[in-house]
Amino acid sequence: MGDGSQPSVGSSRRATKGAASSSSPTNPRPEVERGWWSGSLAMRSCSHWTWDCFALVIGNEQSSSRPNVSEQESEPPNEGNGSKRRKRDGRIPLERFGWKYLSVTNLSQQAWCEQQVVYGMELPHIQQLREEVPVVRAGSCLHLARELEVHDIVPINVESREDSWAVKILNLLSMIPFLQAGEHVRELPVFGELEGILVVGVVDELRYNSKGELELRELKTRRQRTFPSAAQKKSHHLQVSIYKLLFEAMIKGQLNKDVLTQHLHLQTEQPLGSEVLVHAHKVGFTVNTFGDLLDLMLLNLTYAEILDVDTMTIEYCHQADASVIGTEVVPFEEEWVKSELKHYCSFWKGQREAKGVDIEEAWKCRYCDFADICQWRQSKSEEATQKNRANQSK
Ligand code: SF4
């Protein structure tokens, strides 16, 4: 899954909910009023929703730390030692890997071990082997099962990179009326610029809880029937907090069209492919080009009047039988999230070298696929040996 060349389109089983639409997205109504998208002009009943192709993008997000490679400049080079390579060619890591954006997963995994993320990019074949492990597949299946509770997945052909993004946007647009109606949505695409880098993610679920608060939920599967360690929780907390930041910036109209097109090198005048157009028209969107759809998305997000996320919850499930281990409510600590983001993004912008784990967290290396080749681990081990020798000779 996940290269974007054969994405999939889903059809909602919830049926007969209207989708936001525009009579002429290239000429959006300037005097947009509350709820204009749900008026007679915009509201259309349709039993076939385009939940589509982001199913593939989701698969990529959830099963891998690597963004959708086909949308990047090139396959990540197999370099062996990232820091040496950076010094040689002068490119920052983001450029060196040929990537236009980072996934939220990349950033949250940096909280576990940044060097591991880098190795995962430099040596993707090792990580791909890991993705074939049955327990990892079981986690992906559980996510997919939840997703299929609310919509089907149907393949759709895309003809350009603009089409791939158009499908994500169509899915996002389709979810807005559900949120406005107080219903829950799953696999909601979020994106935006953080620390000068485009960051892309998929929120597992947004729903309203019994208090009427908007709740962002993330599903985590566990091999053991226990809660994760504090170190894993830190990574999970960062992940949901970044989702909240991205989502709220989107609904506050802070998403900038130029940011998307410039980071992704997409052409607004690119006509949408035939299958994408068919689906867009089926759900009531009168669009022709990628730029039309971007305008429509920005208008809908800005005027959707969806409230901020009140609560963030992580649900831990056992992989073997999908039983719930427990849930954790995550406090949103804005200063902490922003400072973590600044730190992690500084690596991608070439402002510092990648870091492995500190000696106190060396236990993480026992579970790492790259332990045998990790230069960080080797240098820390040599440092420790030298220190011991020095202590003994005193
Ligand atoms: Fe990080 Fe340890 Fe793995 Fe190296 S061996 S990448 S320091 S977890």
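# Exercises on a predicted protein model

Among contacts (heavy atoms within 4.5 Å) in the protein between residues at least 6 apart in sequence, 76% join residues at least 24 apart. This is a predicted model, in which local features need pLDDT of at least 70 and side-chain atom pairs count only at pLDDT 80 or more, while totals for chains, interfaces and linings use all residues. Residues are numbered from 1 along each chain as its sequence is written, and side-chain values use heavy atoms, with hydrogens and water left out.

## Exercise 1. Overall make-up

State how many helices and strands the protein has, and what share of its residues count as buried.

Solution. 
- Step 1. Helices (H or I, at least four residues) and strands (E, at least two) are DSSP runs, numbered from the N terminus. The protein has 14 helices and 8 strands.
- Step 2. Buried means under 20% relative accessible area, exposed over 50%, and partly exposed in between (1.4 Å probe, protein chains only). Of the 394 residues, 55% count as buried.

## Exercise 2. Helices α8 and α12

Describe how helix α8 packs on helix α12.

Solution. 
- Step 1. Two packed helices are described by the angle between their axes and the distance between the axes. Axes are lines fitted to C-alpha atoms, for helices over the stretch in contact, and angles run from 0 to 180 degrees between N-to-C directions.
- Step 2. Helix α8 covers residues 161-180 and helix α12 residues 290-302; their angle is about 25° and their axes are 10 Å apart. That makes α8 roughly parallel to α12. Angles under 35 degrees count as roughly parallel, over 145 as roughly antiparallel, 65 to 115 as roughly perpendicular and the rest as oblique.
- Step 3. The crossing of α8 and α12 is left-handed. A crossing is left-handed if the near helix is turned anticlockwise from the far one by less than a right angle, and right-handed if clockwise.
- Step 4. Residues of α8 in the contact include Trp 165, Ile 169 and Leu 173, and those of α12 include Phe 290, Leu 294 and Met 297. By class, this contact of α8 with α12 has 13 nonpolar, 1 polar and 1 charged residues. Here Ala, Val, Leu, Ile, Met, Phe, Trp, Tyr, Cys and Pro count as nonpolar, Asp, Glu, Lys and Arg as charged, and the others, Gly among them, as polar.

## Exercise 3. Two partners of α13

Describe the packing of α13 with α5 and with α9.

Solution. 
- Step 1. The axes of helix α5 (residues 114-122) and helix α13 (residues 334-348) come within 12 Å and cross at roughly 40°. The crossing of α5 with α13 is right-handed.
- Step 2. Glu 114, Val 117, Val 118 and Met 121 of α5 make this contact with Tyr 344, Phe 347 and Trp 348 of α13. The contact of α5 with α13 has 6 nonpolar, no polar and 1 charged residues.
- Step 3. For α9 and α13 the angle is about 100° and the axes are 10 Å apart. The helices α9 and α13 are therefore roughly perpendicular to each other.
- Step 4. Among the residues that meet are His 237, Leu 238 and Ser 241 in α9 and Trp 336, Leu 341 and Tyr 344 in α13. The contact of α9 with α13 divides into 7 nonpolar, 2 polar and 3 charged residues.

## Exercise 4. Salt bridges

How many salt bridges does a search of the whole structure find?

Solution. 
- Step 1. A salt bridge is a side-chain nitrogen of Lys or Arg within 4 Å of a carboxyl oxygen of Asp or Glu. The search finds 18 salt bridges.
- Step 2. Lys 244 is buried at 8% relative accessibility, and Glu 248 is buried at 9%.
- Step 3. Asp 308 lies in the loop between α12 and β7 (311-318) and Lys 252 in the loop between α9 and α10 (257-264), so the pair ties together parts that are 56 residues apart in sequence. Asp 308 is partly exposed at 31%, and Lys 252 is partly exposed at 44%.
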